Amino acid sequence: MSNQEKFEALKKGLIENNETQYGEEIREKYGDAAVDASNARLMGMTEEQYIAHQKLEEEIKTKLAEAARQGDPGSAQAQEVCRLHRDWLTATWPSYSAQAHRGLALMYVEDPRFTAYYDAEQPGCAAFLKEAIDIFCAE
């Protein structure tokens, strides 16, 4: 199996895992077309784009923890995290809107699975990110 074939299998596996864990829920919430478009964007990523996307996710988590420790969701640092988060989302979202970004942030605090992800290294990060995104999307 070539490296390209392995990479394609990796992306396919990520989508299958996501569909197994969240498929019914996200398709009900966002619709088949949006989920299919998001999956297609992931499948269309080059290996370099995928690696950059993963690095951006790690950068967001690191900078989010730093900003949360500072405690000001309106700070330049927190708003930079929101910009990075938007950029991370738009790599797989078929389209972006402030309303959808806010809705996702709300889900981060309402759904314990997402809260646990964002709070894993720094408790309170999910709630802080939601507040920061609310400010970011109001501008």
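Here, buried means under 20% relative accessible area, exposed means over 50%, and partly exposed lies in between (1.4 Å probe, protein chains only). The structure is a predicted model, so local features need pLDDT of at least 70 and side-chain atom pairs count only at pLDDT 80 or more, while totals for chains, interfaces and linings use all residues. Residues are numbered from 1 along each chain as its sequence is written, and side-chain values use heavy atoms, with hydrogens and water left out.

We can start with the interior. A nonpolar core is taken as a set of buried Ala, Val, Leu, Ile, Met, Phe, Trp, Tyr and Cys residues joined through side-chain atoms within 4.5 Å. The largest such core has 26 residues, and L64, W88, Y108, Y118 and L129 have the most contacts inside it. Two or more residues of this core come from each of helix 3, helix 4 (76-90), helix 5 (98-110) and helix 7 (125-138); helices (H or I, at least four residues) are DSSP runs, numbered from the N terminus. Helix 7 gives the most, with eight residues. A second, separate core of five residues includes I15, L42, M45 and Y50.

Leaving aside residues up to four places away in sequence, Y118 touches L64, H85, W88, Y108, C125, A126 and L129. H53, which lies in helix 3 (residues 47-70), is buried, with a relative accessible area of 11%. With residues up to four places away in sequence again not counted, H53 touches M45, W88, A91 and T92.

Charged pairs come next. Side chains of opposite charge can pair when their charged atoms come close. With a salt bridge defined as a side-chain nitrogen of Lys or Arg within 4 Å of a carboxyl oxygen of Asp or Glu, the structure holds 13 salt bridges. One of them joins the side chains of K11 and E8 (3.0 Å, N to O). Both residues lie in helix 1 (residues 3-30), three residues apart, about one turn of the helix. K11 counts as buried, at 0% relative accessibility, whereas E8 is partly exposed at 26%.

The side chains of D134 and R102 also meet in a salt bridge (3.8 Å, N to O). D134 lies in helix 7 and R102 in helix 5, so this pair ties together parts that are 32 residues apart in sequence. D134 is partly exposed, with a relative accessible area of 22%, and R102 is partly exposed at 33%. Finally, E19, R27, D32 and D36 are linked in a network of salt bridges.

Key:
Contact = heavy atoms within 4.5 Å.
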